[in-house]
Amino acid sequence: TFTRTSATGCDSIATLNLTVNVTTTSTTDVTVCPNQIPYNWNGTDYTVAGTYTFTTTSATGCDSVATLNLTLNAATTSTTDVTVCPNQLPYSWNGTDYSAAGTYTFTTTSATGCDSIATLNLTINTTTTSTTDVTVCPNQLPYNWNGTDYSVGGAYTFTTTSATGCDSIATLNLTVNATT
């Protein structure tokens, strides 16, 4: 209130009703994946996670301050190294069968909604083979090879597991000389 004396000598009281409009504020929390960058907010592109502000004028003519909290989720990656034997092919990984050694990728969506890239490094061990040629006289029979006795000439195979865990196939070519 403001009191003063009027021209007629009476009190003159003026009352001011002052209203102060408040600055309006808002906060926006946004989480994006790398493939959604740049993120556009209020006409500006953002490529790095952080807190950003934008000031404008509200409908009441006062400042309006908007805050953006930008979070960047990372794409997830994983690598699987697998070594198999030929008899274990095809190798099934993420619903696909693979029959050749190589590097393969599988892209899906992670729990955070971003890309999840899995890599398979597939190695195929080889089957090992060996051949043994033996010639014996009849008096040297039976011929024992890998725990088995052989009394007749011929080709024989023995399959076992190699140090790499794969098949190892040994072949015996047994020749029996005739007695002269």
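Strand here means a DSSP run of E with at least two residues, numbered from the N terminus. This is a predicted model, where local features need pLDDT of at least 70, side-chain atom pairs count only at pLDDT 80 or more, and totals for chains, interfaces and linings use all residues. Residues are numbered from 1 along each chain as its sequence is written, and side-chain values use heavy atoms, with hydrogens and water left out.

Next I checked how S3 and S7 (residues 63–72) sit together: they run parallel and are joined by nine bridges. Pairing takes at least two DSSP bridges between two strands.

Then I traced the sheet. I get an open one of three strands, order S3-S7-S6, with mixed pairing. Neighbouring strands here are turned by 20 degrees against each other on average, direction ignored; the axes are lines fitted to C-alpha atoms, with angles between N-to-C directions running from 0 to 180 degrees.

On to the hairpin. S16 (residues 154–161) and S17 (residues 167–176) run antiparallel with eight bridges, and Gly154 has Leu174 as its bridge partner in S17. Five residues lie between the two strands, and Gly165 in the turn has a positive phi of about 90 degrees.

Last, I looked at Leu18, in the loop between S2 (11–14) and S3. Leu18 is exposed at 68% relative accessible area (exposed is over 50%, buried under 20%, partly exposed in between, with a 1.4 Å probe and protein chains only).

Definitions and conventions
Helix = DSSP H or I, 4+ residues; strand = E, 2+ residues; numbered from the N terminus.
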